[in-house]
Amino acid sequence: LWLHPHLCSGGPGPAARGGLAEMPQRKPEVTRRTAAGIPYELTRKKVKRLNLHIRRDGTVALSIPLRTTLEAADAYVIAEAEWIRAAQARQAAREKRQEELPDKAAALARFTAMSDKVYPAFAGVLGGQKPTIKVRSMTSRWGVCHMAKRQITFALQLYNMPEAAQIYVVVHEYCHFLQPNHSPAFWAEVAKLMPDWKARRDLLK
């Protein structure tokens, strides 16, 4: 919401009672446009720069400053068309993975088997005790390592990713038993076991 620069000429208000008159509030102006074959929702409001956003359903939203022209907004969408379509494709893939969650038992069996392959490299730091493996739906993380509990929880959504990416996440979470953060020392541990970890991580995007 923003304040209109002019005072309204309605009935007596605070000014008539000796106070300051309140400026009427105006809602952001929202229109629907299309540029480069991409439909988008345009909102003109009190912002300093153009803000482009792809919603979870794949729709495109663009916020522009009050003085930015419609032609400039269209030009911005045209310039970002390639990025927009790529982002929409990634979002559609995420939604599909979310809709097609695997059976928990199947996911647990797969990640436990992968964990068993990685465990020997960490047996020393774990005192010869395998960590507990769990699975659950998570939309913001692929895995979580609970060091104090000796437990790793994997996202059900990871089941639908390439196997090379799955192994990367397993190694990633195991390395937290060595380094509790994402410091350079942590990534060095990941690289020792998996020199191509960056390429594997990119498969998760």
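1. In which helix is S115 found? S115 lies in helix 3, residues 104-118; helices (H or I, at least four residues) and strands (E, at least two) are DSSP runs numbered from the N terminus.

2. This is a predicted model, in which local features need pLDDT of at least 70 and side-chain atom pairs count only at pLDDT 80 or more, while totals for chains, interfaces and linings use all residues. Residues are numbered from 1 along each chain as its sequence is written, and side-chain values use heavy atoms, with hydrogens and water left out.

3. The protein chain has 6 helices and 9 strands. Of its 205 residues, 35% are buried (under 20% relative accessible area, 1.4 Å probe, protein chains only).

4. S115 has a relative accessible area of 2% and is therefore buried. Leaving aside residues up to four places away in sequence, S115 touches I133, V170 and Y174 (contact means heavy atoms within 4.5 Å).

5. Helix 4 (residues 163-175) and helix 5 (residues 184-193) have axes that come within 9 Å and cross at roughly 135 degrees. Axes are lines fitted to C-alpha atoms over the stretch in contact, and angles run from 0 to 180 degrees between N-to-C directions. Helix 4 and helix 5 are therefore oblique to each other (angles under 35 degrees count as roughly parallel, over 145 as roughly antiparallel, 65 to 115 as roughly perpendicular and the rest as oblique).

6. Helix 4 contributes Y168, V171, H172 and C175 to this contact, and helix 5 contributes F186, W187, E189, V190 and L193.

Definitions and conventions:
Buried means under 20% relative accessible area, exposed over 50%, partly exposed in between (1.4 Å probe, protein chains only).
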